[in-house]
Amino acid sequence: MTAVDATQDEQPSVYQTRYGERTFSYHLCYLPEHKKATIRVHVHPNGMVQVDAPEKSQLPEIKAAVQRRAKWILKHLDDIEERNRYVQPRAWVSGESMLYLGRRYVLKVIDDPSQRKVTCKLIGGQLRVQGKELTTERTQKAVRQWYRDRAEDVFQRRLTMMVEALPWAKTIPDWRMIEMQTQWGSCSPEGAVLLNPHLIKANTRAIDYVLLHELCHLLEHNHSPRFYALLDRFMPEWRSVKERLDGQAEQLLLGA
Ligand SMILES: [Zn+2]
């Protein structure tokens, strides 16, 4: 999945192209055939270039289409690089904004000499990290662990609910978390699901979309028309959910 993209999992098809002195790579994604389908190029906020092509397109045709858009793609990649140059790295101090389940919380770092173990709790609108000698590293580590714990719990609960609704999913698949820079999740041919812990910062609908995407792969291993038909059936609005999630990728992958 994205820059992070729920559709970039199994067998990523990555190609490279040259334009003038420069090269860039792109992910090729085949879409089910429908009337108005054309080859489309997207540049995700994290700099991933995705090319959607109708299922029956030939590779030379796709490559020519990418070449025609190359100048436009490189312009976007340059803009992203320029923007990222000014993204301030997190300082892990009170007042910073933290995302959890699509909502913003204020980080509060409380130095408490009496507390040996660092704790991290969501209290009211605050994500409160408390402990003694709170260095940037200790604060970051505590927040990171909190995100992982929350992700573990929320993903398991949503998967349980979803499995009950999907006729082909008899039990919760084996799953684990792994940090990924360009995917929200993946599903191996053997049915093992990997989920990106950063996804816990997105809203529940987006989490459900990613889980549903991977669960549909248990039945349909490729992004075939049958696969998209399953998504349409169980989450008719998945396209807008995915678009929103991909648009937030840069933000969700930042920090903790
Ligand atoms: Zn997929």
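The legends below describe close-up views of one predicted model.

Residues are numbered from 1 along each chain as its sequence is written. In this predicted model, local features need pLDDT of at least 70 and side-chain atom pairs count only at pLDDT 80 or more, while totals for chains, interfaces and linings use all residues, and side-chain values use heavy atoms, with hydrogens and water left out.

**View 1. The protein chain as a whole.** The secondary structure comes to 6 helices and 11 strands, where helices (H or I, at least four residues) and strands (E, at least two) are DSSP runs numbered from the N terminus. The radius of gyration of the protein chain is 20 Å, close to the 18 Å that the globule rule gives for 256 residues, so the chain is as compact as a globular protein of that length; the radius is taken over C-alpha atoms, and the rule is 2.2 Å times the number of residues to the power 0.38. Along the principal axes, the C-alpha atoms fill a box of roughly 65 × 50 × 25 Å. Of the 256 residues, 46% count as buried, a term that stands for under 20% relative accessible area, with exposed meaning over 50% and partly exposed in between (1.4 Å probe, protein chains only).

**View 2. Strand 7, strand 8 and the loop between them.** Strand 7 and strand 8 (residues 126-131) are antiparallel and pair over 5 bridges, and T119 has Q130 in strand 8 as its bridge partner. G124 lies in the loop between strand 7 and strand 8 and is exposed, with a relative accessible area of 64%. Although G124 and Y105 are 19 residues apart in sequence, their C-alpha atoms are 8.7 Å apart in space.

**View 3. Strand 2 and its partners.** Strand 1 (residues 13-19) pairs with strand 2 (residues 22-31) in the antiparallel sense over 7 bridges, and S13 has L28 in strand 2 as its bridge partner. Their hairpin has 2 residues between the strands, and G20 takes a positive phi near 60 degrees there. Strand 2 also runs parallel to strand 4 (residues 49-54), to which 5 bridges join it, and H27 stands opposite Q50 in strand 4.

Methods
Pairing = 2+ DSSP bridges.
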